[in-house]
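Here are some notes for a first look at this model. Please read them with the structure open beside you.

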Amino acid sequence: YSSNIHKIFVLNDSASARKMNMIWHSEKFISLPDPFQSKVADVVLDKPLLDAAKTKVLHFGGLTRRKGTMEILQAISMICNEKKAEKFQFIFAGKVNDDIKDEFYRLFRLLKNKCDIILMDKFCSYEELDELCKECNIILAPYQNVYSSSGVIAYAAKFHKPVIVPDDGLLGKLVKKYKLGLAVKNITAKTLSNILTFGNQIPIDKNLEDKYIQKNSVENFDHTIFGNI
């Protein structure tokens with residue numbers, strides 16, 4: 001109700017902006033695109049980063065507990081124990097956070113002798129992330145914090161690769177709305193392991209994915225900001 005507040009931007013959630021305007025009998029809440037831009041032009045690398053003969057499973061960004069990184073490692077451990085890892089290549093790309101570093105590396109060292117697993121423990125460039133997303137088959141994002149948007153699902157949409165997320169919050173809602181992949185209730189290491197080893201194709205809608213990228217362009221972000229101040 002304050003006259004000092006002109007507009008309130010709600011990131012990548014048009015439904016919540018409409019709902020809050022109804023609750024507060026207001027027009028102050030504005031849905032703001034989550035601006036996505038990976039890189040300007042395609043960069044051709046000397047050779048592929050990943051194994052074309054395998055099912056490539058990618059987890060990237062900040063590797064932390066709240067991003068579900070340890071659940072993914074535990075799922076890989078289950079797949080190895082079931083002797084089902086030979087057809088997979090697992091890729092972790094991003095800085096390993098201090099909150100899991102010791103635990104992560106302890107399990108990673110055990111797994112790298114049992115399966116094809118790659119770790120890029122660094123801040124990856126746009127070019128590297130684009131190439132990884134282009135070559136991979138599945139993207140994993142079993143986040144604990146599901147109530148905000150994520151650039152990971154934009155990468156999935158851009159390259160038409162299915163992403164697996166929890167069926168909850170804004171993250172799950174966006175993945176279902178734009179058919180970006182699979183939203184899973186009560187996602188755990190075991191459910192991740194089952195989904196990967198069952199090998200069922202995860203449906204996506206390329207047209208809706210393209211609309212998601214168009215909606216969340218830098219240009220639309222700029223237009224929304226400057227059109228409302």
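1. First, a term. Two strands count as paired if DSSP finds at least two bridges between them. With that in hand, F60 has A93 in β4 as its bridge partner. Strands β3 and β4 pair in the parallel sense, over 6 bridges. Keep in mind that this is a predicted model.

2. Now the whole sheet. It is open and has 6 strands, paired in parallel. The order is β5-β4-β3-β6-β7-β8. β5 (116–120) and β8 (181–184) are the edge strands, each pairing on one side only. From one strand to the next, the twist averages 20 degrees.

3. Strand β4 (residues 88–93) also runs parallel to β5, joined to it by 5 bridges.

4. Is β4 buried or exposed? Buried: 6 of its 6 residues are, so the strand is largely enclosed by the rest of the structure. In a regular strand the side chains alternate between the two faces of the sheet. Here F88, F90 and F92 point one way from β4. Q89, I91 and A93 point the other way.

5. Beyond the strand, look at D98. This residue sits in the loop between β4 and α3 (101–111). The cut-off for exposed is over 50% relative accessible area. D98 has 65% relative accessibility, so it counts as exposed. Its C-alpha atom is 8.0 Å from that of T64, a residue 34 positions away along the chain.

6. Helix α5 (residues 151–158) lies across β3, β6 and β7 (163–166), and runs at about 150 degrees to β7. Helix α2 packs on the sheet as well, touching β3 (55–60), β4, β5 and β6 (138–140). The direction of α2 makes about 160 degrees with that of β4.

7. How do α2 (residues 69–81) and α7 (residues 189–198) cross, and at roughly what angle? Their axes come within 8 Å and cross at roughly 55 degrees. That angle makes α2 oblique to α7. The crossing is right-handed.

8. Last, the residues behind that contact. From α2 come E71, I72, Q74, A75, M78 and I79. They meet A189, K190, L192, S193, L196 and T197 in α7. The contact residues divide into 7 nonpolar, 3 polar and 2 charged.

Notes:
Residues are numbered from 1 along each chain as its sequence is written. This is a predicted model: local features need pLDDT of at least 70, side-chain atom pairs count only at pLDDT 80 or more; totals for chains, interfaces and linings use all residues. Side-chain values use heavy atoms; hydrogens and water are left out. Axes are lines fitted to C-alpha atoms, for helices over the stretch in contact, and angles run from 0 to 180 degrees between N-to-C directions. Helices (H or I, at least four residues) and strands (E, at least two) are DSSP runs, numbered from the N terminus. Angles under 35 degrees count as roughly parallel, over 145 as roughly antiparallel, 65 to 115 as roughly perpendicular and the rest as oblique. A crossing is left-handed if the near helix is turned anticlockwise from the far one by less than a right angle, and right-handed if clockwise. Contact means heavy atoms within 4.5 Å. Ala, Val, Leu, Ile, Met, Phe, Trp, Tyr, Cys and Pro count as nonpolar, Asp, Glu, Lys and Arg as charged, and the others, Gly among them, as polar. Buried means under 20% relative accessible area, exposed over 50%, partly exposed in between (1.4 Å probe, protein chains only).
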